[in-house]
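Load the model in your viewer and colour it by chain.

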Amino acid sequence: MSAPWIVHIIDDDEAVRTSLRFALSVTGYAVETYADAADFLGRLPTDRGVLICDVRMPGMNGIELTRMMQAQGLALPIILMTGHADGALQTEALQAGAAVVLEKPVSLPTMLETIARVGAGLG
Amino acid sequence: MDWRSQFEMFMPHGMCLLWRPELMSLHVISDALIAAAYFTIPFVIFWFVRSRDDLDGGHRALAALFAAFIGLCGLTHIVSIVVLWIPIYIIEGWLKAATAIVSVATAGLMIALAPEVLKLPSVRTLRREIDAHHATLAALTEARVALALRADRTETELRQVTQDQRQSSTLLSTVIEAVPGMIYAKDRGGRLLLANKATLDLIGKGWPEVEGRQARDYLSDPREGEQVMADDRRVMDAGTVEVIEEIADFHGNGSRVWLTTKVPLGDLAQGITGMVGVSIDITDRKRMEKEFLHISRRSAMGEMATAIAHEINQPLGAISLYLGGCLTLLADAKVDGRVISTLNLANDQCQRAGDIIRRLRSFVSGADEIRRPVSIMRLVDEACGLALLGSRENGVASTIEHEAPEAWVLADRVQIEQVIVNLVRNGLDAMAGTDKPAMLVSTGIGPAGMATIIVRDNGPGIRPDVVDRLFEAFVSTKGVKGMGVGLSICRTIIEGHGGKIWAEPDDGSGAAFHFTLPLADKPAEGETGDVGHDAA
């Protein structure tokens, strides 16, 4: 299984980053990882893709990044991950423009299903 | 001698004067004037005596004698004139004799009365005395006026003081009645001397009924009354002000907590005559303080749980994804089927750990709990499966007994599993030094529609001094190893479910923890009963 687009992962926790890269890679996705929002913005992708981003990060957090990208018209579907998804945070994230909010720990089948759903429109 | 013969025998006295007209005239005129004057005097005396009614008998007699003496003297001068021409010397002689008698009597009486008369004050003396009296009278009058003025002033002052006193008394009673708490005064024997409206309202009786009564008479619980009276006595014996918390029940509606200030009346040197007390109901405040403490502890635990959840979820997520990746890699490879199933089990446990953390966090932060009908047998079996991991290797003989395998309870599965794991783990810890450690977990149906779960060990048991405080937060029997929150959380969970949790010293050795949960109906096929692990 492979997709013509890249999955971008932003998480300050290296274990999360590398485990996700490993799991998605063996499933057939092309994966690019970034330690934080600044790193991602510095190497802003031009191709189509899906962004998986942690909410709580040093510097710009996931919701702020989502809001900024929406404002700048960077139409990358965003999956936000959080350690604790309470109602208020979920609402805020979706209003900011996130496609989905997932609560950690996320099982691989759930992650794959979500990526497939979010990336379905990308063709 | 015949009195008529005198006319022939004697010559008129004029002859002695040789009838010389100038000498005759001198005698006649002088005697006449003397007689006139002498006759006037008795009349004056008579008038004087008549006018002075304050004279005593002696003075009156003296005055009469004097008048007679003067009158007779006057008469002798008249006769002296007559004898110039008519020689009535005998008559004259007898007249003089009579005059002499009266004169001597008068003189005698005067001598006798002289000391008396001497005592009579002179007009000047009298005047002086009268003046002195007038002065005294004036001084008296002045003093009386001054006294009257002073009396008037004193009366005004008294009226002012009375008014002031009435005002301050009104002020005091208004303040006493306006205060929302109780104000009362008692004598040395603890008998009521004064009680404000709030106090009487609480006692529920009028003043006449409670005047002079003691706390043991008007409080519902006599032991509380005795305690209040002991507090009163201590304050009065020591003579110092005390602020204490008292417990008193006035109407049998339950004891309330009162913050009481007790002030002794008088001082130790002069003697304490009683005490004044002010009490405010702080029952609600105490309850709120307790709740606040509970909430702040819970919010601290909530913050901690959130932080822990975040930190643990990261590696859990990583583990889950690594496992997922491995399973993907192995899907096409030819490997032992047990490897795949074991990796799946590991993944399940990973999700379960995330589940537990999520529930724990939502529990401590007071979020919604998910209660569904749960099979008590499955619940206990699964929780024990987790809690007893590794215990068999340590020589622990574990038994699980289900008296009613079909029973269901209404519970949050994760929370109750936490309780069971906690109790079983505590038991295993307690049996660390036991020869033949044995754990018995049993379920059954108790009274009042409750299921009972008992976790029994054969460890050293529970010390009697901690058995009552066992479920309080931060009480640990494990020394430095335990935080002492486990059983406290267990109690909160079980009571939150409407059940009870308690410890009993086991019949033999060891400890037995009991808890109950409300029974539920088994859900019909197809309904969502929480029967096992459903991956998040």
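**Stop 1: a helix pair in chain B**

Select helix H2 (residues 21–51) of chain B together with helix H3 (residues 57–85) of chain B: the two pack at an angle of about 160°, and their axes are 8 Å apart. H2(B) is therefore roughly antiparallel to H3(B), since angles over 145 degrees count as such. The crossing of H2(B) past H3(B) is left-handed. Colour the contact between H2(B) and H3(B) by residue class and you will find 20 nonpolar, five polar and two charged residues. Bear in mind throughout that this is a predicted model.

**Stop 2: the largest nonpolar core**

Next, select B:Ile376, B:Val380, B:Val409, B:Val419, B:Ile420 and B:Val424. These are the residues with the most contacts inside the largest nonpolar core, which has 40 residues.

Now centre the view on B:Val380. Leaving out residues up to four places away in sequence, B:Val380 touches B:Ile400, B:Ile420, B:Val441, B:Thr443 and B:Ile453.

**Stop 3: a second core**

Select A:Leu20, A:Ala23, A:Leu24 and B:Cys350. They are among the residues of a second, separate core of 38 residues.

**Stop 4: where the chains touch**

Show both chains and select the residues in contact between them: 17 residues of chain A and 22 residues of chain B. On the chain A side, helix H1 (residues 14–27) of chain A provides the largest share, eight residues. Coloured by class, the side of chain A that touches chain B has nine nonpolar, five polar and three charged residues.

**Stop 5: chain A as a whole**

Chain A has five helices and five strands. Follow the cartoon from the N terminus and the elements of chain A run β-α-β-α-β-α-β-α-β-α. Of the 123 residues in chain A, 41% are buried. Finally, draw the contacts in chain A with a separation of 6 or more: 58% of them are accounted for by residues 24 or more positions apart.

How values were computed:
Residues are numbered from 1 along each chain as its sequence is written. Chains are lettered from A and ligands numbered from 1 in the order in which they are written. This is a predicted model: local features need pLDDT of at least 70, side-chain atom pairs count only at pLDDT 80 or more; totals for chains, interfaces and linings use all residues. Axes are lines fitted to C-alpha atoms, for helices over the stretch in contact, and angles run from 0 to 180 degrees between N-to-C directions. Helices (H or I, at least four residues) and strands (E, at least two) are DSSP runs, numbered from the N terminus. Angles under 35 degrees count as roughly parallel, over 145 as roughly antiparallel, 65 to 115 as roughly perpendicular and the rest as oblique. A crossing is left-handed if the near helix is turned anticlockwise from the far one by less than a right angle, and right-handed if clockwise. Ala, Val, Leu, Ile, Met, Phe, Trp, Tyr, Cys and Pro count as nonpolar, Asp, Glu, Lys and Arg as charged, and the others, Gly among them, as polar. A nonpolar core is a set of buried Ala, Val, Leu, Ile, Met, Phe, Trp, Tyr and Cys residues joined through C-beta atoms within 7 Å. A residue is buried if 20 or more other C-beta atoms lie within 10 Å of its own, exposed if 12 or fewer, and partly exposed in between; C-beta atoms are placed from the backbone. Two residues are in contact if their C-beta atoms, placed from the backbone, lie within 7 Å.
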